[in-house]
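Subject: Structure for your review

Dear colleague,

Please find below the structure that I am handing over to you. My findings follow it.

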Protein chains: 2
Amino acid sequence: MIEIERKFLVNSKVFKDESINTNRIVQGFLNTDPLRTVRVRIKGDTGFLTVKGIGSDLGTTRFEWETVVPVEEAEALLKLAEPGVIEKIRYEVPCGKHLFEIDEFFGDNSGLIVAEIELESEDEAFETPQWLGEEVTGINKYYNSQLSKKPFKTWIP
Amino acid sequence: MIEIERKFLVNSKVFKDESINTNRIVQGFLNTDPLRTVRVRIKGDTGFLTVKGIGSDLGTTRFEWETVVPVEEAEALLKLAEPGVIEKIRYEVPCGKHLFEIDEFFGDNSGLIVAEIELESEDEAFETPQWLGEEVTGINKYYNSQLSKKPFKTWIP
């Protein structure tokens with residue numbers, strides 16, 4: 001129930017050539033407080049309810065609990081979500097022995113592409129593909145919970 | 001997923017003689033916003049995660065979604081809850097063809113006893129036992145989510 005993840009911006013769309021799986025994701029939040037985020041997600045034809053705690057100092061490690069929810073129940077729960085539902089396509093791109101999950105956002109977060117990699121430990125090494133950009137692990141504004149309230153298009157460059 | 005319930009104060013403890021089941025309940029909230037309450041409950045040795053929407057005008061009818069959670073996972077989720085965990089004993093008291101669920105609160109809500117009855121429709125008739133007091137359906141301060149933030153002992157008489 002502890003996740004270790006690092007998050008990066010993505011420089012180009014060439015990663016799409018290496019993708020082995022894609023899913024449309026729609027998600028909203030029943031709480032966007034970083035101390036106790038509650039997320040409702042529909043990924044493909046499956047629903048999920050996910051609770052996350054606050055990140056560690058580095059932002060790498062975070063408590064995460066998830067349960068599968070029938071999609072029609074997830075749709076009902078989404079209606080209760082705070083304003084700011086997020087839509088994105090998730091690409092799965094293998095790289096060495098790891099898998100990058102890359103989210104291309106739409107709507108008010110259009111233009112943002114973010115890659116995440118799950119690790120066994122905070123200092124585990126991994127290959128860095130050429131499309132991988134700046135690390136943004138632990139930066140609040142890149143949390144989906146924050147993107148739902150203050151989307152990418154509202155950011156001042 | 002729509003619950004119809006009415007809630008009453010309880011005048012005396014004689015209801016305990018008619019109880020057919022009791023459970024200790026510990027619960028906390030991942031969100032206390034009445035628009036999207038998220039509750040973690042441990043009842044006996046079972047965990048639950050429950051999402052409720054806002055009540056109807058009368059407060060009788062409310063969206064409710066619940067899933068069972070292993071108790072050790074519920075304990076982990078409780079650690080993320082907002083301050084103000086609630087402890088109570090729930091008594092189940094049959095009355096005619098209905099069942100009253102009566103919560104006797106402890107800790108900062110000690111002294112408060114509340115009975116709830118689930119109905120098929122907002123205007124369904126039911127027997128009123130002699131220990132049943134004033135109706136408090138839809139009054140915000142009696143919601144457990146509000147009791148966790150502003151407990152009974154802080155109320156001004």
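Two strands are taken to pair if DSSP finds at least two bridges between them. On that basis, B:Glu3 stands opposite B:Arg62 in S5(B). Please bear in mind throughout that this is a predicted model.

Strand pairing in chain B

The pairing of strand S1 (residues 2-10) of chain B with strand S5 (residues 61-69) of chain B is antiparallel and runs over three bridges. S1(B) also pairs with strand S8 (residues 113-118) of chain B, again in the antiparallel sense, over five bridges. Here B:Leu9 is placed opposite B:Val114 in S8(B). Strand S9 (residues 132-135) of chain B runs antiparallel to S1(B) and is joined to S1(B) by two bridges; B:Leu132 in S9(B) is the bridge partner of B:Val10.

Relation of the two chains

The interface

In the contact between the chains, 14 residues of chain A meet 15 residues of chain B. On the side of chain A that touches chain B, at least two residues each come from strand S2 (21-31), strand S4 (46-55), strand S5 (61-69) and helix H1 (71-78) of chain A. H1(A) gives the most to this side, with three residues. By type, the residues on this side of chain A are nine nonpolar, three polar and two charged. Of the interface residues of chain A, 100% are also interface residues in chain B, so the copies meet through the same surface.

The nonpolar core

The largest nonpolar core has 24 residues, and A:Leu30 and B:Leu30 have the most contacts inside it. S2, strand S3 (37-43), S4 and H1 of chain A each supply at least two residues of this core, as do strand S2 (21-31), strand S3 (37-43), strand S4 (46-55) and helix H1 (71-78) of chain B. Leaving aside residues up to four places away in sequence, A:Leu30 touches A:Val38, A:Val40, A:Leu80 and A:Ala81 in chain A, and B:Asn31, B:Arg36, B:Val38 and B:Val51 in chain B.

Two individual residues

A:Ile4 belongs to strand S1 (residues 2-10) of chain A. With 17 other C-beta atoms within 10 Å, A:Ile4 is partly exposed, because burial requires 20 or more such atoms and exposure 12 or fewer. Beyond residues up to four places away in sequence, the residues that A:Ile4 touches include A:Thr60, A:Thr61, A:Glu118 and A:Leu119. A:Glu124, 120 residues apart from A:Ile4 in sequence, is 10.0 Å apart in space, C-alpha to C-alpha.

B:Glu73 is located in helix H1 of chain B and counts as partly exposed, with 16 C-beta neighbours inside 10 Å. Residues up to four places away in sequence excluded, B:Glu73 touches A:Trp65 and B:Gly47. B:Gly44 is 29 residues apart from B:Glu73 along the chain, and their C-alpha atoms are separated by 14 Å.

Record annotation

An unreviewed UniProt entry lists residues 1-149 of chain A as "domain: CYTH". This span is 9% helix and 50% strand, and its end C-alpha atoms lie 26 Å apart.

Yours sincerely

Key: Residues are numbered from 1 along each chain as its sequence is written. Chains are lettered from A and ligands numbered from 1 in the order in which they are written. This is a predicted model: local features need pLDDT of at least 70, side-chain atom pairs count only at pLDDT 80 or more; totals for chains, interfaces and linings use all residues. Two residues are in contact if their C-beta atoms, placed from the backbone, lie within 7 Å. Helices (H or I, at least four residues) and strands (E, at least two) are DSSP runs, numbered from the N terminus. Ala, Val, Leu, Ile, Met, Phe, Trp, Tyr, Cys and Pro count as nonpolar, Asp, Glu, Lys and Arg as charged, and the others, Gly among them, as polar. UniProt positions are given in the numbering used here, feature names are shortened, and annotations may be inferred rather than shown by experiment. A nonpolar core is a set of buried Ala, Val, Leu, Ile, Met, Phe, Trp, Tyr and Cys residues joined through C-beta atoms within 7 Å.
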